[in-house]
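Student: I would like to go through the labels used for this structure and see what each one rests on. Could we take them in turn?

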Amino acid sequence: MGRTHPAGHPPALGRPGRRRRTGHRARPALPGRGRPAAQRRVRVLGRLDAAYGTRLGGGGAGALLTEARRYLDWYRADGFLLDHCPADREALPAVRGTVAALRAAGDGAHTVLGHGTHPYPGYAENADRLVTFRGPRSDYRGSQVAEWTAGHPPERFCHLVHGVPAPHLDEALRIARWQGAATFRFTDRTDHRGRVEPSPWGTMPGYWDTIVSRIGTGVSE
């Protein structure tokens with residue numbers, strides 16, 4: 001996302017006009033993972049599952065920070081994707097505290113909150129980027145952008161959309177631009193019944209070369 005790649009999560013595609021690179025699942029043997037962040041072309045994020053808030057307090061919070069330190073120690077991660085992050089106002093203090101702890105552990109680590117929907121506006125003040133949509137194209141077509149997002153630059157928002165057929169790429173790009181999301185990932189991955197595979201982000205979309213040729217320098221392998 002914005003030259004970020006959460007380990008075990010989808011690499012993001014960038015908006016046209018900006019060169020963006022995608023990474024692969026982090027492993028200790030991969031070249032470049034041990035280099036300082038300033039020398040890397042890809043920002044590597046460790047994926048942490050917030051379990052919709054159930055891991056942000058008590059023993060769950062301790063386990064989450066232990067996982068975060070492993071990403072820092074093993075892969076020298078540049079930051080974290082706090083996936084399945086709650087989006088309601090009541091959970092904001094717990095998320096704020098978790099983000100503060102992650103940034104302290106990672107020396108100001110880049111932090112992305114994976115809500116998958118538009119959260120309470122206060123979350124935007126506590127992260128570098130928010131995932132404000134995650135789901136199938138059928139839902140994406142009718143999705144609406146929250147008015148408060150207009151007060152922030154597009155680089156603060158990310159969309160993850162699966163089940164996008166190649167003929168509908170232009171439509172998906174228009175929606176992302178209209179809603180002000182500078183970072184996005186589209187994939188055609190679904191099973192033969194139209195249901196999502198266990199991980200639609202496990203492989204690149206079947207039309208990856210088409211995306212590269214259409215967007216040009218806006219995306220890079």
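Student: Which residues on the other side of α2 are exposed?

Tutor: Pro-93 and Ala-104 are exposed there. Exposed means over 50% relative accessible area, buried means under 20%, and partly exposed lies in between (1.4 Å probe, protein chains only). The model is predicted, so local features need pLDDT of at least 70 and side-chain atom pairs count only at pLDDT 80 or more, while totals for chains, interfaces and linings use all residues. Residues are numbered from 1 along each chain as its sequence is written, and side-chain values use heavy atoms, with hydrogens and water left out.

Student: What makes α2 a helix in this description, and how does its span agree with its 14 residues?

Tutor: Helices are DSSP runs of H or I with at least four residues, strands are runs of E with at least two, and both are numbered from the N terminus. Helix α2 covers residues 92-105. The expected span is 1.5 Å times one less than the number of residues. For α2 that should give 20 Å, and its end C-alpha atoms are 20 Å apart, so the two agree.

Student: Which residues of α2 are buried, and why are they said to line one face?

Tutor: The buried residues are Leu-92, Val-95, Thr-98, Val-99 and Leu-102. Viewed down the axis of α2, they fall within an arc of 125°, so they line one face of the helix. The arc is taken over the directions from the helix axis to the C-beta atoms. An α-helix has 3.6 residues a turn, so residues three or four places apart point the same way.

Student: What do the buried residues of α2 pack against?

Tutor: They pack against β3 (43-49), α1 (59-75), β4 (79-83) and β5 (110-114). Contact here means heavy atoms within 4.5 Å. Just after α2, Asp-107 takes a positive phi of about 55°.

Student: Which members of the largest nonpolar core touch the most other members?

Tutor: Of its 25 residues, these are Leu-48, Phe-80, Leu-82, Val-95 and Leu-113. A nonpolar core is a set of buried Ala, Val, Leu, Ile, Met, Phe, Trp, Tyr and Cys residues joined through side-chain atoms within 4.5 Å. At least two residues of this core come from each of α1, β4 and α2, and α1 gives the largest share, 5 residues. A second, separate core has 14 residues, including Tyr-140, Leu-173, Ala-176 and Phe-184.

Student: Why is Tyr-75 called buried at 14% relative accessibility?

Tutor: The limit is under 20%, and Tyr-75 is at 14%, so it counts as buried. Tyr-75 lies in helix α1.

Student: What makes Phe-133 and Tyr-140 a tilted pair?

Tutor: Rings of Phe, Tyr and Trp (its six-membered ring) pair if their centres lie within 6.5 Å; planes under 30 degrees apart count as stacked, over 60 as edge-to-face and the rest as tilted. The search of the whole structure finds 6 aromatic pairs. For Phe-133 and Tyr-140 the centres are 4.8 Å apart and the planes are at 50°, which is tilted. Both residues are buried.

Student: How do you know that Phe-184 and Phe-186 are stacked?

Tutor: Their centres are 5.1 Å apart, with 15° between the planes, and the pair is stacked. Phe-184 is buried at 2% relative accessibility, and Phe-186 is buried at 1%. Ring pairs link Phe-133, Tyr-140, Phe-184 and Phe-186 into a cluster.

Student: Why is the contact of Arg-47 with Asp-83 called a salt bridge?

Tutor: A salt bridge is a side-chain nitrogen of Lys or Arg within 4 Å of a carboxyl oxygen of Asp or Glu. The closest N and O atoms of Arg-47 and Asp-83 are 2.9 Å apart, and the pair forms a salt bridge. Arg-47 is in strand β3 and Asp-83 in strand β4, 36 residues apart. Arg-47 counts as partly exposed at 24% relative accessibility, whereas Asp-83 counts as buried at 1%.
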